[in-house]
Every structure is written in structure tokens, then in C-alpha cells.
Amino acid sequence: MSLQKPIRLRKTAPLRNLVRETRLSVDDIIRPIFVTHFNKQLEIETMPGQFYFPLNEVEKTIDASMKLGINGVLLFGIPEIRDDLGTDTINENGIIQQAVRKIKQSFPELIIITDVCFCQYTTHGHCGILNKFGNIDRKCSLKQLQVQALSHVDAGADFLAPSCMIDGMVKYIRKALNESEYEDRGILSYAIKYASSFYGPFRDAVDSSPKQGTRRSYQMDPGNIREALKEAQMDIDEGADIIMVKPALPYLDVIKEVKKQVSSPVAAYQVSGEYAMIKAVSQKNWMDENESMMESLLGIKRSGADIIITYFADNAARIINSQS
Ligand code: PBG
């Protein structure tokens, strides 16, 4: 006869609350936001419940998130014009620069993180500048990345989130920041970014799929975990303040391992496909949206993520607030 009866601890809600090991907190959550030149707020077809925000609507939606306790946003700009070099990435009146300036002015305490990449700004849709063979020109891309990074911090960004997976991206950005007296600005590195089909809804939303070739030649192979630890260590050595694993749900083992190995905070990005999956299935009433959302987020936290970037930010915050 076993004297252990785990169900004694599950009998009532107060008991379950008493012994719960992992809890979500609104403090952990970062909300991604898409900013555009459109003149009105439009829903994103592949990401129901997410919107393209025009510059004059973005403060309103951020204000609503902040009232729920969310203190960080990750901004993506969708430019009006694209070209081979992604020139709008360095335009001081580019979409992201304008958005950051406006948001910083209204919410000085908000943590403003900007995605630093080229893909939705270029006609070819790759994450860097291409050479004549159609491959990423590393040196040239890194130089432009420095200019882009500086234009974001000039506008008021607190953290830069380079997502292009070009070797040395963190080192080059850190150097540019330090040389321009921006030592106080941080880097949240997309250190461990897998070549994933789960970015599909995002690429559709911002029209950033590569026109030719594949991102598999620079994003990480889904079979690798030791390489993830190497990427994390390299980025920390180059000056990253926070290490990100992306996507989250198919890579919980990676989050767990990275958390064990590094002493920097670990962020996990619950990407567009993870969001859209829950949305689509619950729209069919095959799963409860709020419960599956909270369960996924809890799983990400339990695996070791200190920070969760999620399109469910507002909704999750509402539920967390109602429970406490
Ligand atoms: C840009 C970038 C991507 C995402 C974040 N930054 C797309 C990609 O790498 O293809 C994906 C985010 C998501 O799917 O939610 N490089």
C-alpha cells in the first residue's frame, strides 16, 4: 500500500493554488506590435486578433496594454517602400523611427524593443544585403546593421533585437552603440533562431518571404541543440544582455538547456504560427482558446523562460490579473 496520494493536493482550487510550482506573471510578458503607414487599423488575416497599427493608433493600443500591466513592446515596422538595400531601415523618418519617437515621448518608462533586420524592408526578402551571387554579403550587412541600430536608439529604443542571424551581429551592434555613447542601451539577441515553418503567418503578414533561396542557409537547423548553446555563448561573449530562443513550443528542450548554461535572462518567442494554431483550432471550437493559450504560456515558463514574447500578451495579462 502506498502512503503517497498525490490527488490529496488536487482536491480544491485553493489547494491547487497552494502547491502550484510555476506561475505566469504579467511582468514576464512582452507584446509584439506591427506599425504601418496605413491610414487605419486593419486586422492581420493570418493572425486573427492582431492588427496593423497606423502611427496615430499605436499609442492608444499601448496604453491599453500598459493598463493591464504590460511594460514592454517589440516593434516591427512595415515600410512603404522596399529596395535592394532596405534603405528605409536607416531613414530617420522611416516607419520604425517615427513610431519609436512617438511612443517614447508618450511612455518614457515603457521598455521599447525594436526588431533589427532587413527582410521586410528589402525587395528580395532576405535578412541582409545580398552580393551579386544572391548570398548575404556579411560585411556590408553588418555595417548597415550598425547604422540601422543607431537610428533606432537615436529615436529612443531601449533594446535592440537583431534577428538576421548574421554571425557577428551582436558584436557589431554593441560596438556601434558603445562608440556613440549608447552604452546604456541593451541587446536582446535572437541568438537561437531556428529555420521554422512557424513563422509562416508573420511572413504573410509583413510580406517578407524570400523571393528566391531559403533562410535555412542562415537560420538554425531544427535538429540541433548543442549548436544552440554555442550560439548563446557567442552572443553573450559579443555583448548580448538577453538571449532569445525562437520559436518556443517546438523548442522547449532548448529553452531548458540554454537556461541551465547561461546566467543571462532567457527570452522565448511564441511566434506567429504558435499563435495562429491556437486561434484557428479554437475558432473551430476544437479547443478552448484561453485555456490552451495559458497552458502553452505556462509550459514556456516552466521550461525556463524568464521573458515571454507573445501575441497573446493582452489576453494573457487579463487572465493573470483576474486570477490574482
Ligand atoms: C525577421 C523576423 C521574423 C520573425 C521575427 N523577426 C521572420 C523570419 O525570420 O522569417 C518571426 C516572428 C513570428 O513568426 O511571429 N527576421
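## Salt bridges

Twelve salt bridges are present in the structure, which is a predicted model. One of them pairs K104 with D158, with 3.0 Å between the closest N and O atoms. This pair connects distant parts of the chain, as K104 belongs to helix α3 (residues 95–106) and D158 to the loop between α4 and β6 (159–162), 54 residues apart.

K259 and D306 form another salt bridge, in which the closest N and O atoms are 3.0 Å apart. Here too, distant parts of the chain are linked: K259 is in helix α8, D306 is in the loop between α10 and β10 (307–310), and 47 residues separate them. K259 is partly exposed, its relative accessible area being 32%. D306 is likewise classed as partly exposed, at 30% relative accessibility.

A further salt bridge joins the side chains of R185 and D184, at 3.4 Å from N to O. R185 has 17% relative accessibility and therefore counts as buried, the cut-off being under 20%. D184, with a relative accessible area of 60%, is exposed.

## Positive surface patch

On the surface, R138, K139, K143 and K171 gather in a patch of positive charge. The element that gives the most to this patch is helix α4 (residues 138–155), with three residues. K139 lies in helix α4 and counts as partly exposed, at 46% relative accessibility.

## Backbone geometry

Most residues other than glycine have a negative phi, and most peptide bonds are trans. Several sites in the model depart from these patterns.

The peptide bond between K246 and P247 is cis, with omega about -10 degrees. P247 is located in the loop that runs between β8 (242–246) and α8 (252–261).

D207, a residue other than glycine, has a positive phi, near 55 degrees. D207 is placed in the loop between α6 (200–206) and α7 (226–238), and its relative accessible area of 45% makes it partly exposed. N285 also has a positive phi without being glycine, with a value near 65 degrees. The loop between α9 (272–283) and α10 (289–302) contains N285. N285 is exposed, with a relative accessible area of 68%.

## Surroundings of I278

I278 is situated in helix α9 and has a relative accessible area of 5%, so it is buried. When neighbours within four places in sequence are set aside, the contacts of I278 are M287, E289, S292, M293, S296 and F312. The C-alpha atom of I278 is separated by 9.1 Å from that of N290, a residue twelve places away along the chain.

## Surroundings of S264

S264 occupies the loop between α8 and β9 (266–270). Its relative accessible area is 14%, and S264 is therefore buried. With neighbours within four places in sequence left aside, S264 is in contact with I236, D241 and D306.

Methods. Residues are numbered from 1 along each chain as its sequence is written. This is a predicted model: local features need pLDDT of at least 70, side-chain atom pairs count only at pLDDT 80 or more; totals for chains, interfaces and linings use all residues. Side-chain values use heavy atoms; hydrogens and water are left out. Helices (H or I, at least four residues) and strands (E, at least two) are DSSP runs, numbered from the N terminus. Buried means under 20% relative accessible area, exposed over 50%, partly exposed in between (1.4 Å probe, protein chains only). Patches are made of residues with over 30% relative accessible area and no salt bridge: like charges are joined within 9 Å, nonpolar side chains (Val, Leu, Ile, Met, Phe, Trp, Tyr) within 5 Å. Accessible areas come from the Shrake-Rupley method with a 1.4 Å probe; for residues, only the protein chains shown count as cover. A salt bridge is a side-chain nitrogen of Lys or Arg within 4 Å of a carboxyl oxygen of Asp or Glu. Lys and Arg count as positive and Asp and Glu as negative; His and the chain ends are not counted. The place of a charge is taken as NZ of Lys, CZ of Arg, CG of Asp or CD of Glu. Contact means heavy atoms within 4.5 Å.
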